[in-house]
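Subject: Structure for you to look at

Hello,

Here is the structure I said I would pass on. Please open it first, then read the notes below it.

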Amino acid sequence: MKVREGYYSEQVRNKAFEEIQPHLSARQFSVYKIIHQYGPISTEQIASMLRVYPHTLTPRVKELRELGLVEFAGTSISDVSGRTVSLWRTKTEQLKLF
């Protein structure tokens with residue numbers, strides 16, 4: 001039977017989520033999932049998706065950075081404020097941590 005393209009990478013992604021989830025708080029995992037799915041993404045955009053203020057997520061992004069799960073991915077201009085914002089993405093080496 002032929003396996004559709006992307007099947008195996010999806011299985012690896014799903015396994016990564018299963019392994020990471022027990023090590024994170026619910027908010028950390030929510031932020032991680034959004035960064036993984038939509039990254040590179042700004043804290044402001046994550047906050048919009050979670051319907052919270054950006055300042056409530058900044059510590060969670062910092063914690064994920066310190067755990068080695070997310071990294072800086074460049075800058076962009078905010079649609080809301082017009083200011084430069086940092087973009088975040090998940091690190092590919094994350095599975096080695098768990």
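Helices (H or I, at least four residues) and strands (E, at least two) are DSSP runs, numbered from the N terminus. The model is predicted, so local features need pLDDT of at least 70 and side-chain atom pairs count only at pLDDT 80 or more, while totals for chains, interfaces and linings use all residues. Residues are numbered from 1 along each chain as its sequence is written, and side-chain values use heavy atoms, with hydrogens and water left out.

Salt bridges

Three salt bridges (a side-chain nitrogen of Lys or Arg within 4 Å of a carboxyl oxygen of Asp or Glu) turn up in a search of the whole structure. One of them joins glutamate 66 to lysine 62, with 2.6 Å between the closest N and O atoms. These two residues sit four apart in helix H4, so about one helical turn separates them. For accessibility, buried means under 20% relative accessible area, exposed over 50%, and partly exposed in between (1.4 Å probe, protein chains only). Glutamate 66 is exposed at 57%, and lysine 62 is partly exposed at 45%.

Glutamate 63 also forms a salt bridge, with arginine 60, and the closest N and O atoms there are 2.9 Å apart. Both residues are in helix H4, three residues apart. Glutamate 63 is partly exposed at 25%, as is arginine 60 at 22%.

Arginine 89 forms a salt bridge with glutamate 71, again with a closest N and O distance of 2.9 Å. This pair links distant parts of the chain, 18 residues apart: arginine 89 is in strand S3 and glutamate 71 in strand S2.

Aromatic pair

The structure holds one aromatic pair (ring centres of Phe, Tyr or Trp, the last by its six-membered ring, within 6.5 Å; planes under 30 degrees apart are stacked, over 60 edge-to-face, the rest tilted). Phenylalanine 72 and tryptophan 88 are edge-to-face, 6.0 Å centre to centre and with 75 degrees between the planes. Phenylalanine 72 belongs to strand S2 (residues 70-77) and tryptophan 88 to strand S3, 16 residues apart. Is each one buried or exposed? Tryptophan 88 is buried, at 9%, whereas phenylalanine 72 is partly exposed, at 45%.

Backbone

The peptide bond from glycine 39 to proline 40 is cis, with omega near 0 degrees. Proline 40 lies in the loop between helix H2 (26-38) and strand S1 (41-42). Arginine 51, in the loop between H3 and H4, has a positive phi near 60 degrees.

Regards
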